[in-house]
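Hello,

Here is the structure you asked to look at. Please open it alongside this email, and my notes follow below.

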Amino acid sequence: MEDDIYNLFLTSEQGWSLFCTLRLRLTQPLTSGGSLRLPPLLDAALAPATQQLTPLPITGSISIPLLLPFRAVPLRGIAFATPAGLFSFALDSGNARPAAGIQLFPFGSPDLGGFVVWGTSAYSELVFSALARQLPRAF
């Protein structure tokens, strides 16, 4: 399987602006597990349509050259998808140091937004807002 590669632009309250790279890979093949329920009759047309979220395990890594040069932090997490596409994903580095946690949501056609929490020790962490854009895949 191929990795999905994202360029991230991170900003913090302290005024830091950083660029980084996020690589993601589904650990199992994508199947059509979600279902879309629509109201069958006109009298039920006011009932809200719902979509089922399908959890997908993912792995990946994040590389922030100005905070940790020459090394990528491994990540594991879960993505939630609907039949219409990606809904959200959350990743965590577990007990690795430095610790990293990421949660991103789609808000535009190619764009994702969310946050990154970066911790270098048990007592310090940096919180960044994140803007991500997926790189096109090479053929």
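This is a predicted model: local features need pLDDT of at least 70, side-chain atom pairs count only at pLDDT 80 or more; totals for chains, interfaces and linings use all residues.

Is F107 buried or exposed? With a relative accessible area of 56%, F107 counts as exposed, because the cut-off for that word is over 50%.

S61 is a contrasting case. This residue lies in strand β5, which covers residues 54–63. S61 has a relative accessible area of 18%, so it is classed as buried, the limit being under 20%. Which residues does S61 touch, once its neighbours within four places in sequence are left aside? The contacts of S61 are T21, L22, R23, A72, V73, P74 and L75.

Next, the strand pairing. Strand β6 (residues 73–82) and strand β7 (residues 85–92) run antiparallel and are joined by 7 bridges. A hairpin of 2 residues connects β6 to β7. At T82, the bridge partner in β7 is G85.

β7 also pairs with β8, again in the antiparallel sense, over 4 bridges. In this pairing, D92 stands opposite G101 of β8. The hairpin formed by β7 and β8 has 6 residues between the strands. In its turn, G94 has a positive phi of about 70°.

When you look along the strands, remember one general point: side chains in a regular strand alternate between the two faces of the sheet.

Regards

Note on methods:
Residues are numbered from 1 along each chain as its sequence is written. Side-chain values use heavy atoms; hydrogens and water are left out. Buried means under 20% relative accessible area, exposed over 50%, partly exposed in between (1.4 Å probe, protein chains only). Contact means heavy atoms within 4.5 Å. Two strands pair if DSSP finds at least two bridges between them.
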